[in-house]
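Reader: Hey, I've got a protein model open and I'm a bit lost. Can you walk me through it?

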Amino acid sequence: MSTEEAPAQQQQPEQVTKPDEPPPAAAEEASGGSPAVEEKTLSNRALVLTGYGGYDKIKLQEKTLKSPQLKPGEVLVRVKACGLNFAELLGKQGLYELLPSPPVVLGMEGAGVVEAIGEDVKDRKVGDRVIAMNRSGMWQEWVVVPAQRTFHMPEEMSFEEAAALPINYMTAYMMLFEMANLRPGKSVLIHMAAGGVGVAATQLCQTVKDVTVFGTASASKHEVISQGGVTHPIDYRTKDYVTEIRKVSPKGVDIVLDPLGGSDTQKGFSLLKPLGILIVFGAANCVTGQKKNLFAMAKTWYNQLSLNTMKLMQTNKAISGFHLGYISDEELFERTLISLLELYKQGKIKPRIDSCYHFEEVAEAMKRMHDRQNIGKVILLPEPKKKEEEKPKSEVDVEKTEAAVSEQKEEEEEVKAEN
């Protein structure tokens with residue numbers, strides 16, 4: 001695995017106030033339909049990608065907008081927490097093809113409260129706590145989404161946990177059970193095992209009997225991922241994970257989940273047992289800095305695995321690709337998320353929250369994920385960050401006075417001691 005290059009010094013998002021127009025996603029969603037709520041203005045904070053590049057391209061904009069006009073089948077959600085995914089790091093650099101061109105509100109998942117419903121919405125009501133998903137536009141306080149892309153939250157689930165569930169756990173679930181057909185006694189290699197998808201995949205592996213999990217992560221994360229279910233943690237920075245896996249399992253593994261691409265895909269294929277499957281679902285090796293790195297992209301592409309069907313026949317191995325954004329089967333979405341929520345209620349899975357950042361701190365949040373510092377999910381909070389309360393002037397003056405008196409007494413005692 002290639003070593004990531006540390007990004008340049010981060011910049012906090014510029015906060016812009018524009019009173020007359022909604023953010024791009026809200027403007028697109030709010031047109032047409034019948035009135036959902038009374039005519040009134042809403043204050044809306046949104047994280048807008050204004051162009052491709054570094055963290056400074058993400059602007060925190062606070063705007064006032066009129067109540068959205070909901071189309072049939074839509075709901076208005078006040079977002080309480082949003083999920084940060086690797087796709088947003090790619091999107092910031094112009095490497096995520098499903099993201100509309102800037103300016104655009106980022107974010108694909110969140111959780112909040114239903115504030116209004118459109119016509120033909122039967123199974124949602126105002127006040128419902130829901131998980132919400134959309135292709136973009138979730139990083140804002142108010143969002144309009146199709147009702148079928150919202151799901152009731154269990155009573156015991158927090159908004160942060162709800163925002164951490166959809167993308168990571170649906171990705172892991174579909175790869176393991178829809179594609180790889182994970183069964184008892186199998187072995188799985190999970191790259192970036194401390195990340196959002198890595199933690200989700202590890203927990204889901206624990207729902208099947210006698211599954212051996214190999215997980216790559218830096219040494220400082222091994223204790224945590226071992227407690228989470230990784231059978232054999234491997235420090236990819238100091239050891240060759242292929243060699244380490246062969247020591248434990250000479251024949252290799254049954255399933256490889258590959259979010260890296262490039263040379264790591266070749267290594268993953270070589271590790272497969274006969275009848276094993278390699279699932280490629282990302283190209284993290286392309287992201288090495290704040291901005292698009294053409295050299296890293298070329299290197300990843302050059303080292304990409306290339307073979308023909310005859311080779312697959314001769315090796316009795318399978319290769320599959322997975323991209324949640326290209327799945328449009330609403331029944332599959334609903335069935336998968338309902339299964340995950342049931343596993344949550346049973347206590348078999350539980351999203352691990354690494355950290356929470358307010359919208360003002362989005363650059364810091366993205367840097368944490370970019371530098372592979374997170375263990376679990378990084379969450380963004382639309383609620384404004386509270387300023388630290390300053391001490392009243394009188395209290396400060398009293399403290400200064402007391403400090404001066406104390407210092408004077410010490411000086412007097414020192415003089416007496418010298419005499």
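Predicted model: local features only at pLDDT ≥ 70, side-chain atom pairs only at ≥ 80, totals over all residues.

Reader: Okay, and which residue stands opposite V188 in β13?

Author: That's V213. The strands here are β12, residues 187-190, and β13, residues 212-216, and they pair in the parallel sense over four bridges.

Reader: What's the strand order in the whole sheet?

Author: It goes β14-β13-β12-β15-β16-β17, an open sheet of six strands with parallel pairing.

Reader: Why is one side of β14 and of β17 left without a neighbour in the sheet?

Author: Because β14 (232-234) and β17 (318-321) stand at the edges, and each has a single partner strand. On average, neighbouring strands in this sheet are turned by 15° against each other, direction ignored.

Reader: Switching topic: which strands does helix α5 lie across?

Author: Helix α5, residues 196-205, lies across β12, β13 and β15, and runs at about 170° to β12. Helix α4 (residues 166-179) lies across β12, β15, β16 and β17, at about 150° to β16.

Reader: And how many residues are in the largest nonpolar core?

Author: 97, and W139, V188, L257 and L380 have the most contacts inside it. Helix α4 gives the largest share of this core, eight residues. Domain 1 (41-164) and domain 2 (166-327) each supply at least three residues.

Reader: What lies apart from that core?

Author: Another core, of 13 residues, including V253, V256, F269 and L272.

How values were computed
Residues numbered from 1 in each chain as written. Heavy atoms only, no water. Pairing = 2+ DSSP bridges. Helix = DSSP H or I, 4+ residues; strand = E, 2+ residues; numbered from the N terminus. Axes fitted to C-alpha atoms, helices over the stretch in contact; angles between N-to-C directions. Contact = heavy atoms within 4.5 Å. Core = buried A, V, L, I, M, F, W, Y, C linked by side-chain atoms within 4.5 Å. Buried < 20%, exposed > 50% of the residue type's maximum accessible area, 1.4 Å probe, protein only. Domains from an automatic or database assignment.
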